[in-house]
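I opened this entry to keep track of what I looked up, item by item. The structure comes first, my notes after.

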Amino acid sequence: MPGDRLRRILAELSDGESTWPVARLCTVGPQITGSNGVGVMLMSGDIPSGSLCSSDEVSELIEDLQFTLGEGPCVDAYQDDKIVSEPDLADPQTRRWFAFTPPALEAGARAVFGFPLRVGTVRLGALNLYRDRPGELTADQHADALVLADVTARWVLDAQAGAPSGVVAEQLEAGADFHLAVHNAAGIVSVQEGISVTEALIRLRAFAYSHDRPLADVAQDIIARRFRLG
C-alpha cells in the first residue's frame, strides 16, 4: 500500500528522530532504492544550481559531471519533467549524453536513473540513482524511488520556507555544493558580454570542455580577472 511504503521510508530517514539533516537522504537512499549511490541535484530555470547531497564518490562525480556538462539523467528528468531511465550506459538503446557517459562509465556507473523533484507545479531538481551493474529497477525499487523523490522535494520546500527571501536556508547549505564560484563567474560573463546568465553558463561549460579544463578552474580565472571569455 502507498501509505505503508511512505511510512517505511520516513521511518528509515528519521531513524527514530523527529528531524533529520539533508545528508540523511543520501546516506540511506541507496538502501531504500536498492542502488549503489544516490545524489540530489537542485535546479532553477534551465540552470543546475548544484548538488544538495551525494552518497559516495561516484555519486558526487555524477552530480559534478551533470553540473559541468549540462547533460545527464538529472538534467533530463528536470527539464522534461519525467522519469529518466538508462539501464545500460555502456550499451544504451538510444545514445545520448555523449560527454557525460564516458567519465560516468569510467567511474563505475553502469545504469543511471533520474526522478524529478516537484511539488504540484513547482519543479526543484532531480533525484539521481546509479548502479554498478546494468539492469532496470524492480517495480518496488521504482516505487520507493518515487516516494523518496517526493519526500525530498517536500523537505526542500519546507526547509526553504523558513528562510528570508533571496537567502538559501541553512539546512540546504549544510554539506551542499552549489558551485558558487561558477555562478559568480557566469554573472561576470553575463555583464561583460551583455548576455543572459544561462547563456553565460553555457559558454563557460563549452570553453571548459573544449579546452579540457575543470569548470571551477575557469571560473576562478574569470573571477580573478586572469581571463576574459569572448
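**Cysteines**

I started with C74, which has 0% relative accessibility and so counts as buried. The model is a predicted one, and I read every value below as computed from it.

Next I searched the whole structure for disulfides and found one. The link joins C26 and C53, with 2.1 Å between the sulfur atoms. I noted that the pair connects distant parts of the chain: C26 sits in helix α2, C53 in strand β2 (residues 47–54), and 27 residues separate them. The angle about the S-S bond is 70°, and the link of C26 and C53 is right-handed. I then checked burial at both ends. C26 has 1% relative accessibility and therefore counts as buried. C53, at 6%, counts as buried because the cut-off is under 20%.

**Aromatic pairs**

I counted three aromatic pairs in the structure. One of them is W20 with W155, a stacked pair at 6.1 Å centre to centre and 25° between the planes. W20 is in the loop between α1 and α2 and W155 is in helix α6, so this pair ties together parts 135 residues apart in sequence. I found both W20 and W155 buried.

Another is F207 with F227, which is tilted: 4.8 Å centre to centre, 35° between the planes. F207 belongs to helix α9 (residues 197–210) and F227 to the segment after α10 (215–223), so the parts tied together are 20 residues apart in sequence. I looked up both accessibilities: F207 is buried at a relative accessible area of 16%, whereas F227 is partly exposed at 24%.

**Charges over rings**

I recorded R96 over the face of W97, 4.3 Å from the ring centre. I also recorded the charged end of R123 over the ring of Y78, at 4.6 Å from its centre.

**Helix α1**

I compared the length of α1 (residues 2–14) with expectation. Its 13 residues should span 18 Å at 1.5 Å a residue, and the end C-alpha atoms are 18 Å apart, which agrees. I listed I9, E12, L13 and S14 as buried in α1. The cover over the buried residues of α1 includes α2 (23–33) and α6 (139–161). After α1 comes D15, with a positive phi near 50°.

**Strand β1**

I found seven of the eight residues of β1 (residues 37–44) buried, so the strand is largely enclosed by the rest of the structure. β1 pairs with β5 (residues 122–131) in the antiparallel sense, over six bridges. I looked up G39 and found N128 as its bridge partner in β5.

How values were computed. Residues numbered from 1 in each chain as written. Predicted model: local features only at pLDDT ≥ 70, side-chain atom pairs only at ≥ 80, totals over all residues. Heavy atoms only, no water. Buried < 20%, exposed > 50% of the residue type's maximum accessible area, 1.4 Å probe, protein only. Helix = DSSP H or I, 4+ residues; strand = E, 2+ residues; numbered from the N terminus. Pairing = 2+ DSSP bridges. Expected span 1.5 Å × (residues − 1). Contact = heavy atoms within 4.5 Å. Disulfide = S-S within 2.5 Å. Phe/Tyr/Trp six-rings, centres within 6.5 Å; stacked < 30°, edge-to-face > 60°. Lys NZ or Arg CZ within 6 Å of the ring centre and 35° of its normal.
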